[in-house]
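Please look over the sequence and the model shown here before reading on. The numbered points below go through a few places that deserve a careful look.

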Amino acid sequence: MQTDNQLIRRIKKKQDRKAADILIDRYYREIYAFTFRQTGQRELAKDLTQEIFIRILQGIYAFDERKASFRTWAYHVASNRITDYYRSKTYKKECMQQSIEQDCESGFEKMEMVYLTDLSELMVKKELIRQIMDIVVMYDREWVHIFQKKCFEEKTFAEIAGEMQIAESTVKSRFYQMVKRIRQEVQAG
């Protein structure tokens with residue numbers, strides 16, 4: 001059995017289709033599972049996984065085995081593609097600001113305004129979006145869904161709690177814990 005690096009060399013030197021197929025087969029399920037865990041949607045995960053492998057093959061010439069393993073590099077490409085999907089599909093700063101202004105009544109909602117305002121300012125900066133999403137995708141799928149529904153779909157905590165069939169206080173607590181960790185790691189970085 002050939003190593004990943006041997007297959008990559010064959011792809012780079014000879015544009016070897018068979019080597020590319022072997023490499024894709026070797027990692028397809030793993031990258032699909034990662035993508036599905038981040039999206040929770042089978043068809044979307046399939047589409048994104050296809051796009052991820054297209055990007056991997058298009059960028060294979062930039063891969064440097066001295067810097068990272070192929071698996072690490074593939075996960076990096078996948079994480080970037082998932083981030084691009086969420087950023088381009090739904091996130092708009094103006095909508096986030098309107099949502100914040102409408103939800104500022106209780107103590108939690110006031111705290112939400114402070115956190116989301118800070119977070120939205122950070123997310124607008126292109127270079128920090130990937131860093132933020134790299135942190136977010138490390139959480140369990142349920143936590144990631146809370147973050148995505150609040151930040152990208154602009155849902156209220158009550159709506160998220162109803163959809164996910166968990167207590168609203170649990171949704172708030174998990175969201176604020178994520179936001180706090182994101183702020184700490186971004187500020188430290």
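1. Contact here means heavy atoms within 4.5 Å, and helices (H or I, at least four residues) are DSSP runs numbered from the N terminus. The model is predicted, so to speak of local features a pLDDT of at least 70 is needed, side-chain atom pairs count only at pLDDT 80 or more, and totals for chains, interfaces and linings use all residues. Residues are numbered from 1 along each chain as its sequence is written, and side-chain values use heavy atoms, with hydrogens and water left out.

2. In helix H9 (residues 157–164), the residues Phe 157, Ala 158, Ile 160 and Ala 161 meet Glu 168, Val 171, Lys 172, Phe 175 and Tyr 176 of H10. The axes of H9 and of H10 (residues 168–188) come within 8 Å and cross at roughly 110°, where axes are lines fitted to C-alpha atoms, for helices over the stretch in contact, and angles run from 0 to 180 degrees between N-to-C directions. The two helices H9 and H10 are therefore roughly perpendicular to each other, a term that covers angles of 65 to 115 degrees.

3. Elsewhere, ring pairs join Tyr 27, Phe 63, Phe 70 and Trp 73 into a cluster.

4. Arg 81 belongs to helix H4 (residues 70–89) and, with a relative accessibility of 11%, counts as buried. Apart from neighbours within four places in sequence, Arg 81 is in contact with Leu 48, Glu 51, Ile 52 and Arg 55.

5. Ala 45 lies in helix H3 (residues 42–58) and is buried, with a relative accessible area of 0%. When residues up to four places away in sequence are not counted, Ala 45 touches Tyr 32, Thr 35, Phe 36 and Thr 39. The C-alpha atoms of Ala 45 and Ile 82 are separated by 9.3 Å, although these residues are 37 residues apart along the chain.

Definitions and conventions. Phe/Tyr/Trp six-rings, centres within 6.5 Å; stacked < 30°, edge-to-face > 60°. Parallel < 35°, antiparallel > 145°, perpendicular 65-115°, else oblique. Buried < 20%, exposed > 50% of the residue type's maximum accessible area, 1.4 Å probe, protein only.
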